[in-house]
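Work through these exercises with the model open. Try each task before reading its solution.

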Amino acid sequence: MQKTIPGCFFQKIYSSLTGISMERDHMKDLRRYLALKYIQYLVLSSSNAVSTLLGLLGSTYTMILLQSAKVSSKSTAVLISSLAQADILVLLSLVSDVVLGSFGASVSPTASAVVRILLTANAHVSCVLLSCVAFEAYLITFLPSESRPLRTVRNARLLSRVIWALVAAECALFLLDEHLRAGGASSPSRSPLGLLFQLCGAAAALLRSLSYILGILLRIINVYIYYKIFFSMSPRSRLKSK
């Protein structure tokens with residue numbers, strides 16, 4: 001009987017949180033969560049402790065909220081769920097940082113690079129997913145009927161998997177570059193390891209430049225999309241007020 005107490009305890013906590021979320025207006029909560037994420041990744045130049053903590057709490061609540069029967073399983077919900085799951089990488093980076101900090105100076109450069117790469121993966125996945133949510137909002141506003149065959153749960157899941165796979169490949173290249181920098185700096189440039197070091201270094205540098213440019217473009221595109229949506233909905237609100 002004593003072994004079942006922790007399980008029952010956490011089950012009651014989960015049930016109570018789910019019950020609270022079902023009583024609230026879940027659409028408003030999801031909009032607030034998206035606004036928080038837009039500020040965290042597309043407005044602020046870099047995340048700070050406050051925004052990171054709020055983001056983790058918001059993602060935890062959102063993952064619980066999306067388990068509610070009141071939240072319909074639509075493509076937007078799939079994208080938001082994947083966005084919330086991306087913060088697991090932040091939690092892993094914080095735990096890894098604490099663990100590595102306990103070892104002090106004995107930590108290898110590659111191990112320290114893993115923490116940075118986890119945060120990079122989280123930022124890149126979140127920015128792309130937020131842009132996908134914005135683009136879907138654009139389609140719903142301006143092309144609701146024409147885009148309906150594209151806005152399916154299956155396509156949203158496929159898109160999320162592709163984004164995760166591309167970011168994972170990107171971070172694998174970054175990690176390989178960091179590992180070669182740490183262990184192969186003394187290799188001759190004409191040796192196979194030296195050539196691999198140069199190739200990975202050039203590819204990683206190019207990818208970092210492209211990621212930076214893509215980040216700027218995504219910010220501009222998101223501002224343009226919500227600018228268009230806002231001013232397209234303003235005349236409707238004025239007509240309703242009359």
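**Exercise 1. The largest pocket**

How many residues line the largest pocket, and which lie nearest its centre?

Solution. The model is a predicted one.
- Step 1: count the lining. There are 35 residues in the lining of the largest pocket.
- Step 2: find the centre. T120, A123, H124, C127 and S211 lie nearest to it.
- Step 3: Two or more residues come from each of α2 (26–43), α3 (49–65), α6 (109–142), α7 (153–183) and α8 (192–241).
- Step 4: pick out the main contributor. That is α6, which gives the most, with 10 residues.
- Step 5: sort the lining by class. It has 19 nonpolar, 11 polar and five charged residues.
- Step 6: The space in the largest pocket is about 920 Å³.

**Exercise 2. The second largest pocket**

Solution. 
- Step 1: take the volume. The second largest pocket holds about 800 Å³.
- Step 2: list the central residues. The lining has 25 residues, with M27, R31, L34, T76 and A137 closest to the centre.
- Step 3: assign the elements. At least two lining residues come from each of α2, α4 (75–85), α6 and α8.
- Step 4: sort by class. The lining of the second largest pocket divides into 15 nonpolar, six polar and four charged residues.

**Exercise 3. Helix α4**

Why is α4 described as largely enclosed by the rest of the structure?

Solution. 
- Step 1: apply the cut-off. Buried means under 20% relative accessible area.
- Step 2: name the residues that pass. In α4 they are S75, A77, V78, L79, I80, S82, L83 and A84.
- Step 3: conclude. Eight of the 11 residues of α4 are buried, so the helix is largely enclosed.
- Step 4: Of its 242 residues, 33% are buried.

**Exercise 4. A nonpolar surface patch**

Is I220 buried or exposed?

Solution. 
- Step 1: locate the residue. I220 sits in helix α8.
- Step 2: check its accessibility. Exposed means over 50% relative accessible area. I220 has 51%, so it is exposed.
- Step 3: find its partners. I220 makes a nonpolar surface patch with L206, L210, Y212, I213, L214, I216, L217 and I221.
- Step 4: give the area. The patch covers about 880 Å².

**Exercise 5. The fold pattern**

How many helices and strands does the chain have?

Solution. 
- Step 1: count. The chain has eight helices and zero strands.
- Step 2: write the order. Along the sequence the pattern is α-α-α-α-α-α-α-α.

Conventions: Residues numbered from 1 in each chain as written. Predicted model: local features only at pLDDT ≥ 70, side-chain atom pairs only at ≥ 80, totals over all residues. Heavy atoms only, no water. 1 Å grid on protein atoms, 1.4 Å probe; cavity = no way out; pocket = protein on both sides within 12 Å on 5 of 7 lines; lining within 4 Å. Points joined across faces, edges and corners; volume = space filled by probe spheres on them. Helix = DSSP H or I, 4+ residues; strand = E, 2+ residues; numbered from the N terminus. Nonpolar A, V, L, I, M, F, W, Y, C, P; charged D, E, K, R; others polar. Patch = residues over 30% accessible without salt bridge, like charges linked within 9 Å, V, L, I, M, F, W, Y side chains within 5 Å. Areas by Shrake-Rupley, 256 points an atom, 1.4 Å probe, with all protein chains shown as cover. Salt bridge = Lys/Arg side-chain N within 4 Å of Asp/Glu carboxyl O. Buried < 20%, exposed > 50% of the residue type's maximum accessible area, 1.4 Å probe, protein only.
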